[in-house]
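Q: Could you walk me through how to read this structure, feature by feature?

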Amino acid sequence: MHITAGHLSKILKEISGRTTGELIDAAVITEACILLANPKLSISQISDELNFSDQSFFGKFFKKHIHLSPSQYRRKR
């Protein structure tokens with residue numbers, strides 16, 4: 001694309017009103033919700049698929065954004 005990361009971040013912020021980090025977090029949460037809809041996948045497998053260092057960190061990240069643990073979210077679906 002021949003633009004710097006800083007310039008890309010500025011453009012994304014102007015267009016979406018959200019920071020690059022917020023957009024990435026939203027994409028990860030969207031993917032997590034899709035994966036949690038599949039009961040054949042364990043939460044540990046989902047954590048690995050999304051490249052979290054461990055299931056605990058994934059759970060904290062998910063709860064911060066959704067206000068439910070991954071298992072609570074899965075049960076409510």
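This is a predicted model: local features need pLDDT of at least 70, side-chain atom pairs count only at pLDDT 80 or more; totals for chains, interfaces and linings use all residues.

Q: Where is confidence lowest, and where is it highest?

A: Look at pLDDT, the predictor's confidence in each residue, from 0 to 100. The protein averages 96, and 100% of the residues score at least 70. Helix H1 (residues 5–16) has the lowest confidence, at a mean of 95, and helix H4 (residues 55–66) the highest, at 98. Helices are DSSP runs (H or I, at least four residues), numbered from the N terminus.

Q: How many Å should H1 span?

A: The expected span of a helix is 1.5 Å times one less than its number of residues. For the twelve residues of H1 that gives 16 Å, and the end C-alpha atoms are 16 Å apart, so the two agree. Just after H1, Gly17 has a positive phi of about 80°.

Q: Which residues have the most contacts inside the largest nonpolar core?

A: In soluble globular proteins, nonpolar side chains tend to be buried together. A nonpolar core is a set of buried Ala, Val, Leu, Ile, Met, Phe, Trp, Tyr and Cys residues joined through side-chain atoms within 4.5 Å. Here the largest one has 13 residues, and Leu36, Ile46, Leu50, Phe58 and Phe62 have the most contacts inside it. Helix H2 (20–36), helix H3 (43–49) and H4 each supply at least two residues of this core. H2 gives the largest share, five residues.

Q: How do the axes of H2 and H4 cross?

A: Two packed helices are described by the angle between their axes and the distance between the axes. The axes are lines fitted to C-alpha atoms over the stretch in contact, with angles from 0 to 180 degrees between N-to-C directions. Those of H2 and H4 come within 11 Å and cross at roughly 105°. H2 and H4 are therefore roughly perpendicular to each other (the class for 65 to 115 degrees; under 35 is roughly parallel, over 145 roughly antiparallel and the rest oblique). On the H2 side, the contact is made by Asp25, Val28, Ile29, Ala32, Cys33 and Leu36; on the H4 side, by Phe58, Phe61, Phe62, His65 and Ile66.

Q: Is Ser47 buried or exposed?

A: Buried means under 20% relative accessible area, exposed over 50%, and partly exposed in between (1.4 Å probe, protein chains only). Ser47, in helix H3, counts as buried at 1% relative accessibility. Setting aside neighbours within four places in sequence, Ser47 is in contact with Phe52, Asp54, Gln55 and Phe58.

Q: And what about Asn51 and His67: where do they sit?

A: Asn51 is in the loop between H3 and H4, and is exposed at 67% relative accessible area. Its phi is near 65°, a positive value in a residue other than glycine. His67 lies in the loop between H4 and helix H5 (70–76), is exposed at 62%, and has a positive phi near 70°.

Note on methods:
Residues are numbered from 1 along each chain as its sequence is written. Side-chain values use heavy atoms; hydrogens and water are left out. Contact means heavy atoms within 4.5 Å.
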